Amino acid sequence: MAEPLLQLSGVHTHIGPYHILHGVDFSIPASQLTVLLGRNGAGKTTTLRTIMGLWQASSGMIRFDGRDITKTSTPDIARAGIGYVPESMAIFTDLTVRENIVLAARSGPVEPARLDWMLGLFPALKRFWNLPAGNLSGGQKQMLAIARAIAEPRRLLLIDEPTKGLAPVMVRSMIEAFKALKASGETILLVEQNFYAASALGDNVIVMDDGRIVHSGAMREMVEDKTLQQRLLGLSLDAHQ
Amino acid sequence: MTAATATPALETRGLTIRFGGHVAVNDVSCRFTPGTLTAIVGPNGAGKTTYFNLISGQLRASSGQVLVEGEDITSLAPSARAKRGLGRAFQLTNLFPDLTALENVRLAVQSRAEAGWSLLKIWNSRRDLIEKAEHILERVRLSDKRHIAPKALSHGDQRKLEVALLLAMEPKVFMFDEPTAGMSVDEVPTVLELIQDIKQRGDATVLLVEHKMDVVRSLADRIVVLHNGALVADGNPAEVIASPVVQEAYLGVEVAHG
Amino acid sequence: QDIKIALIAGKTGPLEAYAKQTEAGFMMGLEYLTKGSMALNGRKISVIVKDDQLKADLAKTLLEQAYNDDNVDIAVGTTSSAAALAMLPVAEENGKVLIVEPAVADAITGDKWNRFIFRTARNSTQDAYGAAAAIPASGDVSIATLAQDYAFGKDGVAALKNALAEIRPNAKVVFEEYAPQNATDFTASAQRIFDALKDKPGKKIIHIIWAGQHPLPKIADLKPERFGIEIAPGGNILPAMQLYKNYPGMEGAVYYYYAFPKNEMNDWLVAEHQKRFNAPPDFFTAGGFAAASAVVTAIQKAGGTDTEKLITAMEGMSFETPKGTMTFRKEDHQALQAMYHFKVKANGKDANDLLDLVDTIPADKMPIPVRNKR
Amino acid sequence: MTEMAAGTTTSSEPLPRAKTDLLPLLIVPALALLALPFVGSGSTWVTLTVAGLAMGMMIFLMASGLTLVFGLMDIINFGHGVFISLGAYATLIILGPLAGWAQADSVWLNLGLLALCILAAMGVTGIVGAVFERIIVRPVYGSHLKQILVTMGGLIVAEQAIHAIWGASPIPIPLPETLRGAFIIGDVIMERYRVVAVGIGLIVFIGMQLLLNRTRIGLLIRAGVENPEMVEALGYRIRRLFVSVFVAGSALAGLGGVMWAFYRQTLTAGMGMEVMVLVFIVIIIGGLGSVGGCFVGSILVALVANYVGFIEPKLALISNILVMALVLIWRPQGLFPVARR
Amino acid sequence: MSTSPTLPLAFDEARKSGGFLSSLLSSDFPRSRILTFILLTILVVLAATPFLFSGSQPLSTAAKICVFIVLVASYDLLLGYTGIVSFAHTMFFGIGGYGIAIALERLGATWSSVAIGLLAALCLSALLAVAIGLLSLRVRAIFFSMITLAVASAMAVLASQLSGITGGEDGLSFQLPFELRPAFKLFSEPVMGVAVNGRLIAYYLLFFVALIMFLLLLRIVNSPFGRVLQAIRENEFRAEALGYRVVAYRTMASVISALIATVAGALIALWLRYNGPDTTLSFSIMIDILLMVVIGGMGTMYGAVIGATLFVLAQSYLQVLMDAASKALAGVPLLPNLVHPDRWLLWLGALFIISVYAFPGGIVGRLRQARQ
Ligand SMILES: Nc1ncnc2c1ncn2[C@@H]1O[C@H](COP(=O)(O)OP(=O)(O)OP(=O)(O)O)[C@@H](O)[C@H]1O
Ligand SMILES: Nc1ncnc2c1ncn2[C@@H]1O[C@H](COP(=O)(O)OP(=O)(O)OP(=O)(O)O)[C@@H](O)[C@H]1O
Ligand SMILES: [Mg+2]
Ligand SMILES: [Mg+2]
């Protein structure tokens, strides 16, 4: 296995008086796609936010590319090359679609080829290019959130439930997009409830429950092992598409 | 077309809304009869949520009418429509972020009980309302989180609360906008059961927007397809799903033309 | 037992500077009149200073406290006319003397007056008579007034008109312009005034009645002299009058200017004030001083602090002040006093060397009407 | 199953951008023309109009900083007024030693003095603004109510500090010699100082427009107000940006203060507070966060004040409020809304 | 306009309904032992002020506290519970004050003048509040605040312009009905060493009206109606979708709050026997009210009691305290200057800042938190 790009060891996170993460350990190998699964309230979002520095880990260590980023400020974490798609999408509703993307490309104008590729993936963004992003439909906002994260090449993408609200046809385009990104060497950590999408993309899988990692391994294993699915996720996953 | 004889619970006639040059909902006429569950599907941006907004009054139609049990309600405010029995859950979670989950539901129960205007009663003296709210939380499996405010709930739990509010309103017409989006696989069946229950009661009309085709298949009596704001297909589930327009524009499956 | 005096002033707020002058003047007055001993008839004088923040309700409460809780023998105050008016009934209820200084509203010694009220400050009518007296006594004079659009401004204009009718029948107010209280741009007002005055015969004067930020430079910059129009600004505190410097030759009337009165008391005040505060005394310093003089003279004359004796002593009493002798008129307890007709100096020696004395207008040249009901 | 006509072709050509709406720009000339018959005399009308435009510029100078801080950053800074006062008092730093320049009969010395005063004022208010942001405003980002209270507290403290440093009495300051008086052309009269104000107002206006429209700063601020976390997650140091904008806003207030001080020729600690209601009105008329709106709004308010003051002075008392009410009835979001808060 | 999102949650399941005390307090108990103690102390001291302290200053201060408790609590209904930030609250306070002042001055010092003045003021307030309430839905929250600011200043201008009726800047001084005058003696003998005169009766009139008004407000905010207001504050869009007519609820809240503020204005006028623009209409009172609500704790009602008491005490005694401190520190360099009573505003300003920081959820919030 490749050298891990991101590594969490013994990460605890508190939000106010609540203890949410109870010692999270995992590592993300470079240039692969890792899926983070778990039931509602398991702590997936909290994990991503902690990596991004939006919540401070109260103990433990987060290393990115060999560097300790546990106490680094969010902008610096982002500048180190981590892109983030939050669960809430966090679209800037006042700004136009264009302006949202302009801001996302921090180091300068978006490369034209990349822009064409993005707009090809999500034609709706092109249509609403100059209108306030607040007017977009739920799924279109989701597209914009993803487009923002991939407006520039990043070393690691943290993506929180990208397929929620997307029509099946869009889910397909997105899977293609992630494949292309992976091929270009980007590393992705994906939180996903849609097991169909997850299994189509994932190289590795991590399962969380109650703020702890309860399983990690190769995706293939998981797909094949029904009892593992039953035990970890409470359901046989192919019941749902 | 089925059950066209009875007065529909809800009907839209030529409903249209324009935003500048963009027609988000285009001349949609449709009737919804009590006791049926209609799934509304369509690609992102097809106009599903906008259609709901027009029905429940969050947006004003550019033209067309909305009728509840034969009565024109197009000019009413959202609150008045809710009183007429139109209930609505939102696609993007829309709750009272700092009140507890229980209080969120109680507010919906209270609206149903028309108790909002009592100024001199003590709110805690209405045990009946509290019990009802507790019961609903139980049904969506949020009882243990009833004292947590939505802003501290995980996304999936917020979705469940959103559903709970709709249940608490006990409307005649239920409008679900992607209720299971972001819910984990083991929670989805709970919600499906709830919707099934409503349907089974027989007199409720359910409109369901959902992108999970398995959910649609297992629940819907009828599917309506919106595309670019227009109603492009309407019929029983198997046929509609098999139609080229759905296969191509929605599911993204290549279909040979001809 | 000490002689207790309450001094109430609006030390917080936009008139802080006025209140400080009153306080300084009052204390210096006591010092001068007791020859530094701060004692009278063998009783020590203690002054309790209270800040009413220019609020009428607070002034009222503070005066109640002064009479009841602090047991003062006599009270002096206050800066704002509204606050002073609210204080009047308290003096009556408590049966103690209140000397009003430096509030100017006519009503204080007019229809809101009661027999416990005396005023050392000038009233608006005196200002108006002063202003009228500074206008030439012969020839056609057309006057346009510029005043703030509220009671103070309107009363000021009315008082001026009365005073003119009384002592300068040759002068007429031909135009009244009222601008918002906090106006800063006077172009429109000036245009209206110019339009009204420019074709009038004889001497043409713009008379400004203004409290606060003075419109003079704004009007002057629009060059009224194009139409042969002159400006008569009222008197004001020194920092405000420093603006006059750029417009030499303007004439008007003023209540006090340190260089005008010639008497021992004023000489001492000017010298001491210059020494202590590195500035000449101002309007309200003189006022505070006068109030102190009224208090001391009255106690000496009454031989104590019994209210009834004080009132008897004070009615018609004359007392010395930096402005010369003042007299409490028996009818309404208003101190009658001189005013000064000034002309703005062309080039003064320093920032405060501003005015030349044209004439002293003695009290008996200003037949101030009695307006109260006894 | 019924199947309707399948208009399946996705229309994906971009929708046109919302047209920038220039209608509000027209109301200024329209208003001026409308006033002409009521004013009657042409020369008076020109005098009033020119004076109003210039006064508008001065209001704009004082309000421009608050457009940034309140309009864009969404911080209700009641303390803005005290920065205006502070800027005004800062001129004393220059006027003390260089009093001679004000008396000098040279335009260049006079203008140089004004420039120095502006520099000093912007420096002082900028620094104080940084401190103000750090200890007063920072902990209350996002809560308007607390901002009102805290900045009100800051305002009181700062005003008292001015009293403590410079005393409570009003301080007269000399307007430099050649800027005094007026140009007279026929019956039309134009104060010289107002002409200077117009020049400086235009420079500031154009500068701000360029900065906000040609760079990402404007976008970043608006995005940062809506969701600071996300802006940070995109790699921007939003804190630093906010501090700089606040400092810039304070410095602009200082600049406005200098201009206002020379206009009034008297310094009082409350001079900034006195114009605050007007400044708020202007920003609301303009539509929150719009520099252009603030500019048009300022001119509108000043012009109306002049016309009304001439035609019907009774109404002058409430002319500002009247303008605001009318504009908001016409455009509930203000003339050029930027932020949709 | 965003209000602080960290409001204490008002619902507590453990609260039982039933019981006299519970129904008096609308089952909204202080929920903190220290808080209960403080509130009781305030209640007892206010009730017994005439017998505990001598002199007119303590009584004036106590009367002012009573009035401000009502005023601040009525504003809390608007701000803390409904989320409406209005700067026009003092306008209603002023209307109440002028109602009494004008009626007593014009119609003579009788009880029927008091009634007429109060009624007229209540009607005018209700009308204006309806107008403002209806406006609140038309424009954005922040605009609404600014508009109320403008309306309030227009009202002040109006009061100044109508000087024939209102006394203009000078305000109005008037006489009270005979029973409330200092000269009136209820008993010929002093009770517990205190003469029971009209002043004392006036104080107790104030005290009991204030108490009733406060309990009434407490009941309203703990009613189903009160909960709807909170819901509207949190998410008006959702409240509307649930079937609550937001405009109607908001308008009702504005009206109630305005009416109670009017009563407070009437009380202060009765106490002072004076009313003028600075007493009831000024913007600085508005800011004081805001501060009292925030220090006490928004959306808690009890916060109004604590905020008003603390602030009025500070306002009345800060200068006295500073004077003492300044004298005590005489000789020390610089310090006496800083605490010179003339600089009291400096400290008040600092108090504004510090109290907002020290009590982000208000004092009540802090005390309740400490309990948990
Ligand atoms: N702001 C907050 N304050 C307090 N607790 C919180 C907060 N946000 C989340 N939590 C709690 O932290 C736990 C983990 O939440 P998290 O959002 O990480 O779950 P998740 O795995 O992402 O769930 P989902 O699939 O529903 O999005 C939950 O129990 C939630 O209630
Ligand atoms: N206020 C608005 N102004 C302009 N366009 C709008 C506005 N509201 C919605 N739209 C557009 O109308 C179309 C329909 O949006 P709607 O939210 O109804 O889609 P939807 O079918 O619910 O999609 P999704 O499945 O993504 O939720 C979208 O293209 C959207 O961009
Ligand atoms: Mg999550
Ligand atoms: Mg939708």
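Q: What makes E87(A) a polar contact of ligand 1?
A: An N or O atom in the side chain of E87(A) is 2.5 Å from an oxygen atom of ligand 1. A polar contact is a pair of N or O atoms within 3.5 Å, so the pair at 2.5 Å qualifies. The side chain of K44(A) also has an N or O atom 2.8 Å from an oxygen atom of ligand 1.

A word on the model: it is predicted, with local features needing pLDDT of at least 70 and side-chain atom pairs counting only at pLDDT 80 or more, while totals for chains, interfaces and linings use all residues. Side-chain values use heavy atoms, without hydrogens and water, residues are numbered from 1 along each chain, and chains are lettered from A and ligands numbered from 1 in the order written.

Q: Where does ligand 1 lie, and which residues come nearest?
A: Ligand 1 sits between chains A and B. Of the 21 residues around ligand 1, the nearest are T45(A), T46(A), E87(A), A152(B) and G156(B). Being near here means having a heavy atom within 4 Å.

Q: Why is T61(E) called buried?
A: Buried means under 20% relative accessible area, exposed over 50%, and partly exposed in between (1.4 Å probe, protein chains only). T61(E) has 6% relative accessibility, so T61(E) counts as buried.

Q: Which residues is T61(E) in contact with, neighbours within four places in sequence aside?
A: They are V312(E), L313(E), S316(E) and Y317(E), where contact means heavy atoms within 4.5 Å.

Conventions
Polar contact = N/O pair within 3.5 Å; in protein donor to acceptor, adjacent residues only side chain to side chain.
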